[in-house]
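Take a moment to look over the sequence and the fold. Then follow the text below, one piece at a time.

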Amino acid sequence: MGSKLIIESEAENEIYDAIDWYESKQVGLGEEFYNYLEGYFETLKSGNINFSIKRKPVFRELPLKRFPYVIIYEKIKDTIFVYSVFNTHQHPLKKVK
């Protein structure tokens with residue numbers, strides 16, 4: 001059985017900003033980014049894999065391969081909370097604390 005996915009408001013804003021930015025660079029690229037990101041969310045929801053803990057107490061990071069982003073999340077029982085979809089190119093040293 002899959003997990004429930006909750007995307008926090010800060011992460012939603014980061015996603016919308018990324019879509020807008022990619023769309024401004026090339027028509028259709030924002031939608032491509034979104035669809036790519038959705039695939040990663042489906043992987044998280046499937047529950048078949050847990051990525052390593054990177055930040056205490058139990059924040060995990062899932063880096064995207066095609067785009068310079070990392071999903072910062074926490075899994076509590078059967079719910080996954082996405083706190084950030086972080087752009088590593090724009091702010092490589094500033095991650096969510």
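Leaving aside neighbours within four places in sequence, Gly30 is in contact with Ile19, Tyr22 and Glu23. Keep in mind that this is a predicted model. Gly30 sits in helix α2. Is Gly30 buried or exposed? Its relative accessible area is 0%, so Gly30 is buried. Ile15 lies 15 residues from Gly30 along the chain, and the C-alpha atoms of the two are 9.7 Å apart.

Now step back to the helices themselves. Two packed helices are described by the angle between their axes and the distance between the axes. Helix α1 covers residues 9-25, and helix α2 covers residues 29-46. They pack at an angle of about 140°, and their axes are 6 Å apart. From α1 come Ile15, Ala18, Ile19, Tyr22 and Glu23. They meet Leu29, Gly30, Glu31, Phe33, Tyr34, Leu37 and Phe41 of α2. What kinds of residue make up the contact of α1 with α2? Nine are nonpolar, one is polar and two are charged.

Ala11, Glu14, Ile15, Ala18, Ile19 and Tyr22 are buried in α1. Seen down the axis of α1, these buried residues fall within an arc of 135°, so they line one face of the helix. The face turned away from the buried side carries the exposed residues Ser9, Asp17, Asp20 and Ser24. What covers the buried residues of α1? The cover includes β1 (4-7), α2, β4 (69-76) and β5 (79-87).

Next, the aromatic rings. The model has 10 aromatic pairs. In one of them, Phe33 and Tyr69 have ring centres 5.0 Å apart and planes at 50°, so the pair is tilted. This pair links distant parts of the chain: Phe33 is in helix α2, Tyr69 is in strand β4, and 36 residues separate them. Phe33 is buried, with a relative accessible area of 0%. Tyr69 also counts as buried, at 6% relative accessibility. Both belong to one aromatic cluster, formed by Trp21, Tyr22, Phe33, Tyr36, Tyr40, Phe67 and Tyr69.

Finish near the start of the chain. Ser3 is found in the segment before β1. Why does Ser3 count as buried? Its relative accessibility is 12%, and buried means under 20%. Not counting residues up to four places away in sequence, Ser3 touches Lys45, Lys75, Asp78 and Ile80.

How values were computed: Residues numbered from 1 in each chain as written. Predicted model: local features only at pLDDT ≥ 70, side-chain atom pairs only at ≥ 80, totals over all residues. Heavy atoms only, no water. Axes fitted to C-alpha atoms, helices over the stretch in contact; angles between N-to-C directions. Helix = DSSP H or I, 4+ residues; strand = E, 2+ residues; numbered from the N terminus. Contact = heavy atoms within 4.5 Å. Nonpolar A, V, L, I, M, F, W, Y, C, P; charged D, E, K, R; others polar. Buried < 20%, exposed > 50% of the residue type's maximum accessible area, 1.4 Å probe, protein only. Arc of directions from axis to C-beta. Phe/Tyr/Trp six-rings, centres within 6.5 Å; stacked < 30°, edge-to-face > 60°.
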